[in-house]
Amino acid sequence: MAEDSDLEKTEPATSKRLEEARQRGQVPRSQELGSFAIMMTGLLSMVSLGPALAQTLEVIFRNALTFDHATVQDSSRLFLMLMDDIHSALFAALPIAAACAVAGLLSPMVLGGWLFTTETLAPNFGRMNPASGLGRLFSVRALVDMTKAILKSGLIGGVACVVLWRERGEMVQLAIMPERVSYVYLWEMIRYTLLLVIGGMGFIAAIDVPYQLWDFYRNLRMTKEEVKQEMKESEGDPHVKGRIRQLQREAARRRMMSRIPKADVVVTNPTHYAVALQYNERMRAPQVVAKGAYLLAERIIDIAKENKVTVVRTPPFARALYHHTELDQEIPAALYTAAAEVLAYIYQLKNWQSHGGNRPTLNDKLPVPTELDPEHNASPNEDGNRP
């Protein structure tokens, strides 16, 4: 049962899945919304620009139906005259056509936004598969499209029948009405018919838009396994990331160990903590080049001894350095005095080893602020040392 649930597409599409679908040209679209927007824009344009268009067309028709003897005898002049009238009519109707074109371009942006991609132009031979074609033919989407087509056909046909039946008496009177009165009445009937059709198209679009959104996101749903795999691909496999971090730590540790031979001193606790310090005249203060606890501390001490780096047992100073410093950083200002005493002791020790004399001794109580020693109040171990 668990395997079956993992194969079911029950999870909503992730942002990555949606972006990939968009790159393939898959965005929610509603043809009914586009048809409604174009028809509504056309009607509003005709209402606002209709009178001027009607006057222009009246002039064009009057000129087109007025001939002189020379024009009638010359077919080429008739053709040129006809072309001029067609151009004038098209230019007069251009604002309405442009408004409808803009509505047709902007209406898809309501759902899926503007999208330009060449992905859909690539040949897809899978669409030529008869089995897939039959599946699409008898799919839920095909049923919905057929239902919408029937509704639109019934809507337009029904509106036409209602208008013709309602206005049957007045339409008969059009033949005997004055010309301008008949034009006004005919325009009112056309506008009324368009309002009914657009209202019906708006109703269909109001149903189609939510359905298209639901169907789009339903088709992009993912299984739980797909979500897990995508998370691994985007964030990285936890096992791989853990291995990378481990390798990074090992590389950093190797770099740290390689710097111990260049250190001036290693201070210890004596074995719980070990911190290697380096100082030269170009530095403002001593820097930490290596530090570690327990097994790593023992390894630091062994490397220091192998390379003849002095190891000094200073428990409070070592604890303070370990807890309050980072690699390649200067020590805190509060530890300058203690560090100066340790480094002075190292220089005196090297001088004694070279020239002899009295062996120098290190102050047992270095000036380490108690607030920097996290284990200042801890009880001593059996050997008398704090951890």
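Q: Why is aspartate 328 called partly exposed?
A: In this predicted model, aspartate 328 has a relative accessibility of 45%. Partly exposed covers values between the limit for buried, under 20%, and the limit for exposed, over 50%. Aspartate 328 therefore counts as partly exposed.

Q: What makes the contact of arginine 259 and aspartate 328 a salt bridge?
A: The N to O distance between the two side chains is 2.1 Å. The criterion asks for a side-chain nitrogen of Lys or Arg within 4 Å of a carboxyl oxygen of Asp or Glu. The pair meets this criterion, and it is therefore called a salt bridge.

Q: Which parts of the chain does the pair of arginine 259 and aspartate 328 tie together?
A: Arginine 259 lies in the loop between helix H11 (238–258) and strand E1 (265–268). Aspartate 328 belongs to the loop between helix H13 (315–324) and helix H14 (336–355), so the pair ties together parts that are 69 residues apart in sequence. Arginine 259, with a relative accessible area of 28%, is partly exposed.

Q: How do you know that glutamate 330 and arginine 284 form a salt bridge?
A: Their closest N and O atoms are 2.9 Å apart, and the cut-off is within 4 Å. The pair therefore qualifies as a salt bridge. Glutamate 330 lies in the loop between H13 and H14, and arginine 284 in the loop between strand E2 (273–278) and strand E3 (287–293), so parts that are 46 residues apart in sequence are tied together.

Q: Are glutamate 330 and arginine 284 buried, partly exposed or exposed?
A: Arginine 284 has 68% relative accessibility; exposed means over 50%, so arginine 284 counts as exposed. Glutamate 330, at 27%, falls between the limits of 20% and 50% and therefore counts as partly exposed.

Q: Why is aspartate 215 called buried?
A: The relative accessible area of aspartate 215 is 2%. Buried means under 20%, so the term applies to aspartate 215. Arginine 218, in contrast, is partly exposed at 28% relative accessibility.

Q: What makes arginine 218 and aspartate 215 a salt bridge, and where do they lie?
A: The closest N and O atoms are 2.6 Å apart, and the cut-off is within 4 Å, so the pair is a salt bridge. Both residues belong to helix H9 (residues 179–219), and because they are three residues apart, about one helical turn separates them.

Key. Residues are numbered from 1 along each chain as its sequence is written. This is a predicted model: local features need pLDDT of at least 70, side-chain atom pairs count only at pLDDT 80 or more; totals for chains, interfaces and linings use all residues. Side-chain values use heavy atoms; hydrogens and water are left out. Helices (H or I, at least four residues) and strands (E, at least two) are DSSP runs, numbered from the N terminus. Buried means under 20% relative accessible area, exposed over 50%, partly exposed in between (1.4 Å probe, protein chains only).
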